[in-house]
Amino acid sequence: MRWIVFIILAALLPLVAGEYYVNLSSQIVIFAVFAASINLLLGYGGLPTLGHAAYLGVAAYFSALLQLKLHYAHWLAAPLAVAGTTAMGCAFGLIALRATGLGFLMLTLALSQVLWGTAYRWVSMTDGDNGLRGLQRPMPFGLDLNQAMPFYYFTLVVGVIAIWLMARFVNSSFGATLKGARDQPRRMEALGYDVWLIRWITFVYASFWGAVAGLLFVYYHKYIHPVSLSLANSAEGLLAVIAGGSGTLAGPIVGAAIVLLLKNWASAYIERWNMLLGFVFVVIVVFMPEGVVPGFQRLWKRFVSRT
Amino acid sequence: MLFLLAAGFSLIFGLMRIANLTHGALFMLGAYIGVTVMRYVPNLWLAALAAGVAVALFGGLLERFILRKLGGNVLGQVLVTLGVAFIIADACLVGWGGDPIPIPTPPTLQAPVRMAGFVFPAYRLAVVVIAVAVAIVLYLLMERTRLGAMIRAGVDDPQMASAVGIPVSRLFTIVFCLGAALAGAGGVIGGPIMSAYPGLDSDMLPLALIVVILGGVGSLLGAFAGAFITGFVYTFGVALLPDLAYVILFLPMIVVIAFRPRGLFGKFAA
Amino acid sequence: MEALRIQNLKKAFGGLPAIADVSLAVEAGERRLIIGPNGAGKTTLFNLLTGDLPRDAGSIELFGAEVSRLATHSRVHMGLARTYQIITLFPKDTLEHNVALSLLGLSRSRWSMFGRLPQHFYAEAGAVLARVGLEAAAKRPIAEVAYGEKRRVEIAMALAQKPRVLLLDEPLAGLSREERAQVKGLIAGIPRETTVVMIEHDMDTALDLADRITVLHYGRVIVEGTRAEVVADPKTREVYLGH
C-alpha cells in the first residue's frame with residue numbers, strides 16, 4: 001500500500017517542482033535502479049560487489065557506440081546493449097563466483113577495473129578521457145524526451161517496472177532459495193539446492209538491471225565517460241545500498257536518494273566530493289551499519305507498539 | 001616493484017583477513033611524502049625510509065582506531081578502507097596539486113647497465129635487487145624469528161594463539177604497520193619509474209589485487225611469483241597490443257583462478 | 001539390496017589421515033549406529049558421504065550408484081539426507097518456512113522466479129511438523145523455540161524429503177532427558193523405507209535404536225556387528241577404556 005502512495009507522489013512531483021528538481025529526481029530514479037540491482041547481490045544474495053559500475057558503464061558505452069558508429073536506432077541499440085552487457089555478466093559471474101565473500105569482492109573489483117582502464121586506453125573506440133558525446137535520447141512511440149518532465153516520466157515508468165520485477169524476483173520461490181543460500185549455504189546444499197547456480201543466476205539478473213540503469217544513465221546525460229566505470233561509481237552504489245539498508249527493497253531507493261541529494265548539496269560547497277564520500281563511508285559503516293531503513297522500521301515498530 | 005606493493009597487501013589480507021583497499025592510496029601517499037622529503041634532503045633512500053615510517057604510523061592509527069572497532073565485520077572493514085582511500089586520494093590532490101610530480105632517479109643509478117648482451121636501466125635493476133632483498137628479509141622474519149612465528153600462529157588460529165598468550169591484537173597492529181610501511185616506501189622507490197600523480201592509487205590498487213589473487217593469499221612466495229608473472233605479462237602485453245594491455249594484465253589472474261581458486265601458492269581460497 | 005556401500009574410503013588432512021581405510025555396507029531399511037571415541041573420524045565420514053568434503057580415494061555407492069564424484073546437492077536428489085551436529089537452521093524464519101524450504105529443495109518450483117512460494121508447500125510443511133508434534137509452533141521463528149524442538153525440526157526437515165538414506169549426526173546431543181525420549185521416539189518411528197545411519201555418543205538410547213553397530217577408531221573400522229557382538233568384543237572395551 002505504501003508503494004502506491006509513493007508512486008502517486010512521485011508522479012505528481014513535476015507539477016510542483018521546478019526543472020532542476022525534476023532532473024534531480026530522474027537521476028535519483030536511475031541511481032535507485034542501479035542500487036537495487038546491487039542489492040540483489042549484496043542484501044539478498046550475501047555477495048558484496050564492488051564492480052557493478054561495469055554493467056552500467058558497458059551498457060552505456062554499448063548504446064553510445066551503436067548509435068555513433070553504426071547509427072543504430074534506439075529500438076535496436078537498446079536491447080543489443082542490454083543483451084551484450086548481460087552476456088558479459090554471465091562470463092564475469094563464472095569468474096567471480098569461483099570465490100565467495102572477500103575473494104568475490106576482489107574479483108568483481110578487478111574485473112570492473114579492467115573495463116575502466118580499457119575505456120581510458122582504447123582511445124580508438126572510446127575516445128578515452130574525452131568520453132563520447134553527441135548522443136540522442138530515444139523517442140518511444142514518437143514522444144520527445146528532451147525536456148525534463150517527459151524524460152522524468154519515462155524514467156519513472158521504467159524504474160517502477162524495474163523495481164516491481166526485482167520485488168517479484170526476491171519474493172519468489174527462487175528468492176527464498178537465494179536468501180537461504182545467503183544465510184546457510186551448506187545447509188541449502190544438503191537440502192538439494194545448487195547454491196553456485198542460484199548465485200550465478202542472481203549475478204546475471206543483477207547485471208541485467210545494472211545494464212538497464214546504464215541505458216537510462218546514458219539517455220539522461222547524453223554523454224558517457226570512463227569515470228562511470230570507476231571504482232568510485234561502484235562504491236557510490238554500494239554506499240546507497242548500505243546507507244538505506246541492505247535487506248529491504250526500499251533501502252536502496254532511500255539510500256540512492258540520500259547519496260544523490262548529499263552529492264548535489266555538498267558539491268555546491270565542497271570541491272572534493274570524493275573525500276566527503278570517504279568520510280560518509282566511514283561514518284555510516286562504523287555508526288549505522290544496518291542503514292537508514294531498518295533503523296526507521298525499528299523505530300516505527302516501537303512507536304506503533306506503544307500507542 | 002610490484003612485489004613491494006603486493007607483499008604488504010598479502011600480509012594484511014592473509015593475517016588479518018582484511019582486504020586493505022587503502023593500500024594503493026598508501027602507496028601514493030608514500031610517493032608524495034617522498035617528494036616533499038626530497039625537496040629538503042635529495043636522497044631517494046632516506047626519503048623512502050621516511051615515507052615508510054610515516055605511512056606506517058598512519059596505518060597504525062587507522063588500524064588501531066577504526067579497523068579494530070569493526071573486528072569481524074568484513075564488509076565493513078573493506079568499506080572503511082575504501083572510504084579512507086578516497087579521503088587520502090583527495091587529500092593528496094589538495095596537498096600536492098593535480099600535476100604529476102616526477103621523482104628523480106638517484107644519480108648513481110642513472111646509467112644503463114650491460115648484462116648478458118641486454119641493456120637494462122640501472123635503476124630498474126636496483127629495484128629488482130631491493131625487492132629480492134626485502135623478500136628475503138620478510139622470509140627470514142616470518143620463518144626464523146620469534147615475531148614471525150607468532151605472526152604465523154596468529155594467521156593459522158587467532159583464538160588459540162591468543163589463548164597461549166600471544167598478543168594477537170598488538171601483532172595485528174604491527175603487521176598492518178609493516179604492510180603500510182612497505183606500501184609507503186614502495187611508493188617512493190617506485191617513484192622514478194611511476195612519478196607521483198593523482199590517480200596513482202587507482203592504478204596501483206588493482207595491480208596489487210591481481211598479484212595477490214594470482215599468487216595466492218597469505219603467501220610471500222605467491223606475492224613474489226604473482227608480481228613476477230604479472231610484470232612479465234604486462235611488459236609483453238604493452239609491446240604487442242598497447243590498446244588492450246590492461247586486459248592482458250588480468251588474463252593470468254583469470255586463468256589461474258579458473259583452475260585454482262586459491263591462487264598459485266595461497267593458503268586459502270580468497 | 002545395499003542402501004549404502006563404502007569401499008576403501010580414505011581422507012587425509014595435511015599429513016593426518018582422518019579416514020585411514022573404511023569399508024562398510026548398510027542394508028536397505030537397516031538402522032546402523034556408528035560409534036567411536038572423539039576424533040575417530042565419524043563426522044568426517046558423514047562429510048565424505050554427503051560430499052561436503054571431497055574424498056582422497058575409495059568409492060561410495062548409494063543403492064548401487066557411484067556418487068563419490070557428485071556434488072552434495074546431486075546426492076540429495078538421489079535420496080540422501082542429513083542432519084548436522086550443530087543446528088544450522090534459518091533462525092529468523094518460521095518453523096513452517098524452514099520445513100517448506102526443505103520440501104522445495106527437491107521440487108521443480110525452486111527455480112520459479114515470478115510467483116510467491118506456493119501455499120501447498122506451507123500446508124505440507126504443517127503436516128510434517130504435525131507428525132513430529134510441533135504443529136503448534138509452526139508459525140513461530142526458529143530462534144524462539146527450545147533447543148530440543150529445534151532438533152526435532154531439523155530431523156523433520158530431513159524426513160520431509162522422504163530420503164532413502166538418512167544420516168543423523170549426534171541427534172541426541174545437548175538434549176534433556178524428556179527431549180531425548182521424544183527424539184528417540186521420533187527416530188524409532190521412521191518408516192523402514194528410509195535407511196538410517198546414526199552417529200551417537202549417548203550409548204543407552206542409541207544402542208536400543210540400532211540393528212547393527214560399527215565402531216570407528218583412528219579412521220578405521222575396528223568392530224562391526226549386532227549390539228550383543230559389539231558389546232562382547234574385547235576390542236570395543238579397548239577403544240573406549242584404553243585397555
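Let's start with what helix H5 of chain C packs against. Its buried residues pack against strand E6 (80–83), helix H3 (95–104), helix H4 (119–131), strand E7 (165–169) and helix H6 (177–188) of chain C. Keep in mind that this is a predicted model.

How many of the 14 residues of H5(C) are buried? Twelve are, so the helix is largely enclosed by the rest of the structure. The buried residues include Glu149(C), Lys150(C), Arg151(C) and Arg152(C). Val153(C), Ile155(C), Met157(C) and Leu159(C) are also among them.

Next, the length. H5(C) covers residues 147–160. Just after the helix, Lys162(C) takes a positive phi of about 45°.

Now chain B. What does its secondary structure come to? There are twelve helices and two strands. Along the sequence, the pattern is α-α-α-α-β-β-α-α-α-α-α-α-α-α. Of the 270 residues in chain B, 50% are buried. If we take the contacts in chain B with a separation of 6 or more, 73% are between residues 24 or more positions apart.

Last, confidence in chain A. The average pLDDT is 84, and 94% of the residues score at least 70. Where is confidence lowest in chain A, and where is it highest? The lowest is in helix H14 (residues 292–306), at a mean of 70, and the highest is in helix H10 (residues 195–221), at 92.

Conventions. Residues numbered from 1 in each chain as written. Chains lettered and ligands numbered in written order. Predicted model: local features only at pLDDT ≥ 70, side-chain atom pairs only at ≥ 80, totals over all residues. Helix = DSSP H or I, 4+ residues; strand = E, 2+ residues; numbered from the N terminus. Expected span 1.5 Å × (residues − 1). Buried ≥ 20, exposed ≤ 12 C-beta atoms within 10 Å, placed from the backbone. Contact = placed C-beta atoms within 7 Å. pLDDT = per-residue confidence, 0-100.
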